[in-house]
Amino acid sequence: MAEIHLSHLTKQFPGGLVAVNDFELVIPDGSFVALLGPSGCGKSTTMNMISGLEKPTSGEIYFDKQPITKLPPGARTVGFVFQNYAIFTHMSVAENISFGLRVSKPRPPAAEIDRRVGDIADVLGLRGMLDRNASRLSVNDMQKVALGRSMIVDPAIFLLDEPFSNLDAAFRAYMRAELKRIQHEIEQTMVYVTHDQVEAMSMADHIAVMDAGRLQQYGTPDELYNAPANRFVAGFVGSTQMNFLPATLTLGEQGAGNGRSLTLGIRPENVLLVAPGAAGATLAGKVNLIEPLGAKDVIHLDVAGHGVRVVGVPGQRPRVGDNVGLVFDPDRQLLFDDETDLAVEA
Amino acid sequence: MASVRLENVTVRFGAVAALNDVSLAIDDGEFVAVLGPPGAGKTTLLRTIVGLEKPESGAVFADDENITEMYPGDRDIAIMFQNLALYPDRNVYDNLAFPLKQARTPKAEIKRRVADTAAVLHIDHLLKRKPGKLSGGERQRVALGRAMVRNPRVLLLDEPLSALDALLRLEMRVELKRLQRDVHRTLVYVTHDQIEAMSMPDRVAVLGSGVIQQVDTPENVYHRPANQFTATVVGSPPMNFVPCTFGTSDGVVRVVHPDFSVRVLSTTSAPGAIVDGASCVLGVRPEDVQIGTGNGGAPASVFVTEPLGGETVVDLHLGGLVVKALTPPALAPAPGSDVRVSFDPRRLHVFDAATGAAVVSAGGADGVFEVEGPSIG
């Protein structure tokens, strides 16, 4: 187990691309942290610098306050789980899990190896299939075996690089809860790289959102969702994207910043549809399109030339072309400065 | 524009039946999504319609004309592939004009058709650019335009959005739906993404292992799944399945679980479909699982919660099972806590344990099910 500290980490590739730019992050011992961002944001490069596969251009990496930037990957005691699980299909589940111990020097006694494999199989729910050939497993069990194989050497930290991208939707939903449970049980530091905000939100204790090589926000899922630091985070987190509408700051008196250009952000589930002209309706709009998603609808409105998405209940569905009134939940409105894109106090 | 019909089509690759006795009728101007996991036979279905695969048996019709033996180029059916396949050395105009030039369309006509298509797709300002200078979404529209420009009877799209990143996908979903409403093409759309299949089309054809599982509106596929397979491919997180047994005593049909039971008040299923003591599966979607702390409902414990922002997935241990519930974040219980779980009786489904076929489905109606308290003994 270890705390990870990335201090002013910068990676510039030959050719000038700055993939990671002055990145500062402390990952507490035993926590589950997700690195989240779109492709090309620098999250995988950051992961590769933690594991030692890439060397930073500048900055320092500490495990438990010890600088490890100059250590080769093998000396860092890092467990890796990749997207393509890379298990040995000609070996049994037990042989796959024990592999790291069997090749280590000095090799632990066989009874010790068996005990450790058994413990890990219990945590992962693989106890009943230890003798099975790995090639005969389902994909989600294969991914569990890959995780077990990295657990056996008792690494200081686990790095998981988009481990669920190859699994289908139902397995992914199942593995999300499983991995979260496993992490709670083993209490190891886990760093999880993903571009999928649902995975990051659902599993991690803390999420570091990256864009263009820079840290945008580091916070709990709740903070990211309800108090995004800037417009990028606000737009990236949430499965139906936040609505952004132009606004102008008007203060009652002649205040500083009066007339400042702002953007109002409101999530689709925080807009209520009412009859047009009803009391309390802030804006009026027209229904453009309805996307039924099963449990809910996404209703697309045209509001004075701006597209606004609203989450609707399937039972109370308006019709395309209907005129409606919009009520914004006053506690859930966010404001962003148009110059800096940063969130401002309402 | 045209209707398309597959009649008892079987396509075999060696011993494997990629499509097994598939019948599907698509109306003129209709938007149908074909949804299924990888390997279900979705792409084979499209390739059979366009003529790139030849059925071993069965027939394909366009506007009631049998086109099974017709050469692909003569079918007047356009297909847009996942990888777009734009000509990188030609600008947008030439990419769009290409199919028309191949068809020896007069120059003035080409000009007019390209302009019309570009206007519909909002790419009329990009005509001089080459594909390398376009964004992902713009390239997608050009590929779509090239498939549309000849005004084919039927337009087939094979996972057109899967190469795009998440935000662009949201945008293109809305664009495609708008477009189809405006141009009214017969559109067959293949996808493994249940949100795409739910949100855009008029009807969804669910395909599994080469067999059509259900063809219905998105709402009915979601609320009245024909079988367990269909119930699993739509909805996120997927529907929970709880193994139960039928109990028929005193003329009352119950679905019995050690911790609770559900009374079936009315059923349209065939007599004999429900046998006392037979295994069945109760299906309940995560948003229809209610979590309380009172005395009602079955005892369960929370082992993990997954916040998604607008809602939270609560993973519960119920008996030996994991059941997922979807709740507003403010109502999510803490991991480790003991709770009581009940189900919305208007939203339950009962499946045959052996075949997976739906036996009773509430589909949002009252009076079909009644959930009874814990442990009737």
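1. Start with the salt bridge between the two chains: the side chains of B:Glu219 and A:Arg317 meet there, with 2.6 Å from N to O. Keep in mind that this is a predicted model. Between chain A and chain B the count comes to four salt bridges, and there are also 12 residue pairs in polar contact, both residues at pLDDT 80 or more.

2. Which elements of chain A give two or more residues to the side that touches chain B? They are α5 (169-186), α6 (197-203), α7 (221-226) and β14 (283-292). The largest share comes from α5(A), with seven residues. By class, that side of chain A divides into 14 nonpolar, seven polar and seven charged residues.

3. Now for the extent of that interface. Chain A puts 28 residues into the contact and chain B puts in 29 residues. Together the two chains bury about 2,400 Å², and 63% of that is on carbon and sulfur atoms.

4. Nine residues from domain 1 of chain A and 10 residues from domain 2 of chain A take part in their contact. The area buried between them is about 890 Å², with 51% from carbon and sulfur atoms. On the domain 1 side, A:Tyr225, A:Arg231 and A:Ala234 lose the most area to domain 2 of chain A, together 60% of what that side buries.

5. How many salt bridges cross between domain 1 and domain 2 of chain A? The count is zero, while five residue pairs are in polar contact there, both at pLDDT 80 or more. In chain A, α7 and α8 (231-236) each supply at least two residues of the domain 1 side that touches domain 2. That side of domain 1 of chain A has five nonpolar, three polar and one charged residues.

6. Chain B gets its own look. Its domain assignment gives domain 1 (4-232) and domain 2 (237-371), and 37 Å separate the C-alpha centres of these two domains of chain B. Their contact takes 10 residues from domain 1 of chain B and 15 residues from domain 2 of chain B. About 1,000 Å² is buried between the two, 49% of it from carbon and sulfur atoms. B:Tyr222, B:His223 and B:Gln228 supply 52% of the area that domain 1 of chain B buries against domain 2 of chain B, more than any other three residues.

7. Between the domains of chain B the salt bridge count is zero, and six residue pairs are in polar contact, both at pLDDT 80 or more. Helices α7 (218-223) and α8 (228-233) of chain B each give at least two residues to the domain 1 side that touches domain 2. That side of domain 1 of chain B holds five nonpolar, four polar and one charged residues.

8. Last, a sheet in chain B. Four strands form an open sheet in the order β2-β1-β4-β5, with antiparallel pairing. At its edges stand β2 (16-26) and β5 (65-66) of chain B, each with a single partner strand, so one side of each has no neighbour in the sheet. Strand β1 (residues 4-13) of chain B is joined to β2(B) by seven bridges, and the two run antiparallel. For a pair to look up, B:Val9 has B:Val22 in β2(B) as its bridge partner.

Methods: Residues numbered from 1 in each chain as written. Chains lettered and ligands numbered in written order. Predicted model: local features only at pLDDT ≥ 70, side-chain atom pairs only at ≥ 80, totals over all residues. Heavy atoms only, no water. Contact = heavy atoms within 4.5 Å. Buried area = accessible area lost by both parts, 1.4 Å probe. Polar contact = N/O pair within 3.5 Å; in protein donor to acceptor, adjacent residues only side chain to side chain. Nonpolar A, V, L, I, M, F, W, Y, C, P; charged D, E, K, R; others polar. Domains from an automatic or database assignment. Pairing = 2+ DSSP bridges.
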